[in-house]
Amino acid sequence: MTYDLLVRGGQVVLDDGVRHGDIAVRDGRIAALYPPRSISPAAGEIDATGLFVLPGLIDSHVHFRTPGLTYKEEWATGSRAAAAGGVTTVIDMPNTQPPLFTPQDAHNRHEMIKGNSLVDYLFHAGVDPECVEAITEFTPAEATSIKVFLTGHHTAPHVLSDPTLLDRLFRLAAQQHLRLLFHAEDDAVFQLLDRWQGPPATPTDYERHRPRTGAIVAVARLVDLIHRHGTPTHVLHVSTTEEADLLTAAAASGLPITFEVTGHHLTFTDDDIRALGPRIRLSPAIRGRKDRDRLWQAVVGGEAATVGSDHAPHEAKDKLLPAADAPPGLPGVQELLPALFTGLRRRRPADPREQLLAIVQRVLAREPARLFGLTERKGRIAPGLDADLVLFDASAPWFMEPSLVQSKCGWSAYEGRSFTGRVVTTIRRGEVVYTNRGGTPAFGPASGMWLSPAVC
């Protein structure tokens, strides 16, 4: 047989373990898996000797800022950052200008993106608080998931907190087979605190103004709504011990609820605020060490379904505004894999790399594909699926330097941090979209496509 590409000699991370092998690619799909060096050359070859081969990663939580906020990020630069981090599929959030509230908004966004993306993509739709019923207009061609903000911030002005509207949303989403995603912090709690204590004066005051209380109250409300309606729900960027406990208990009781942890909540704690200040002002806020420990436990133990970047870049000058005005969010899609793998190595030094990469494969590929209707194309290395592959040097030490940042914002909260594990090559549907074997990054064709997921 003639193949378009052979990825030879790598340690391939599969659902049932890691084994040496060759991956044959034809027409953008994985055609076959072979023992090492057991077949003749193809039209093209990539030597993966000494490297692990992961399935292309899926970051189900990015803000690539198109349309309306492209001074912060553009799709071309966001997708470069994704490819450099081993991410081959992203799911973009709806809070742009204008927001993605209708199927036509999704088609309009695609028209802006096509020809500019190194990675494949989907969209999470938003919900208009003035017209909740609009979610019923979406088909799987536009979106199968709806993002809801229970509180707002600088780039998220559309808040849905009215109990009657939330109840209607859950009912409609269940009828339409839509998965709900939540920024789960309670707006009423934060408004009450703001009226009492005013705005934060310094970055170290921020967590006190956006405390864990808001998140815990919001998650408890969601559990009650899911119990009543049975609507599949995914809670984003969980930041506290209490949330993780509540969500795990709810899932154990049989409710269709899952949750995400972010790379930055796994990396930073409130101890880092004194050094990094507004660079790690986030929504939800960075918490304490005990919270970070609990989140790592959730990732390793399988309680957390996904790890996302919540890639939300801002211009550096905006992050240096006074504490009350500095927008929350940081770039993170490029740093997601190295931050996760490095954290796993440091916390579980006795575990073999194969075991740690199985966790990476679960939370950054297999489970995002399952939740968002992509299992027929993405999330695993298996014949018939898209040839999305990441060649990963699990032993390479390196530092994050400003010159390496691919995001348009030009900065990273991880600058100066050491990582173990580096992406060498990223392949999307059989095409090399990123490689860095000689110290100089090179990018491939911007032929990423808008995917049509199956109904979840």
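The side chains of Asp92 and Arg109 are joined by a salt bridge, with N and O 2.6 Å apart; the term stands for a side-chain nitrogen of Lys or Arg within 4 Å of a carboxyl oxygen of Asp or Glu. This pair brings together distant parts of the chain, since Asp92 belongs to strand 7 (residues 87–92) and Arg109 to helix 2 (residues 103–113), 17 residues apart. Helices (H or I, at least four residues) and strands (E, at least two) are DSSP runs, numbered from the N terminus. Asp92 and Arg109 are both buried, where buried means under 20% relative accessible area, exposed over 50%, and partly exposed in between (1.4 Å probe, protein chains only).

The structure is predicted, so local features need pLDDT of at least 70 and side-chain atom pairs count only at pLDDT 80 or more, while totals for chains, interfaces and linings use all residues. Residues are numbered from 1 along each chain as its sequence is written, and side-chain values use heavy atoms, with hydrogens and water left out.

In total, 37 salt bridges are found. One of them links Glu303 to Arg294, with 2.9 Å between the closest N and O atoms. Glu303 counts as partly exposed because its relative accessibility is 27%, whereas Arg294, at 9%, is buried. Lys378 and Asp386 form another salt bridge, again with the closest N and O atoms 2.9 Å apart, and both of these residues are buried. Through shared partners, salt bridges connect Arg29, Asp120, Arg377, Lys378, Asp386, Asp388, Arg428, Arg429 and Glu431 into one network.

Seven cavities of 30 Å³ or more are present; on a 1 Å grid over the protein atoms alone, a cavity is a set of points where a 1.4 Å probe fits but cannot get out, and lining residues have an atom within 4 Å of a point. Grid points are joined across faces, edges and corners, and a volume is the space filled by probe spheres set on the points.

The largest cavity has a volume of about 160 Å³. Its lining comprises 14 residues, with Ala84, Gln334, Trp398, Arg422 and Tyr434 nearest the centre. Strand 16 (residues 418–428) supplies the largest share of this lining, three residues. By class, eight nonpolar, five polar and one charged residues line the largest cavity; Ala, Val, Leu, Ile, Met, Phe, Trp, Tyr, Cys and Pro count as nonpolar, Asp, Glu, Lys and Arg as charged, and the others, Gly among them, as polar.

The second largest cavity holds about 120 Å³. Of its 16 lining residues, His63, His153, Ser283, Asp310 and Ala312 lie nearest the centre.

Note on methods: On a 1 Å grid over the protein atoms alone, a cavity is a set of points where a 1.4 Å probe fits but cannot get out, and a pocket is an open set with protein on both sides within 12 Å along at least five of seven lines; lining residues have an atom within 4 Å of a point.
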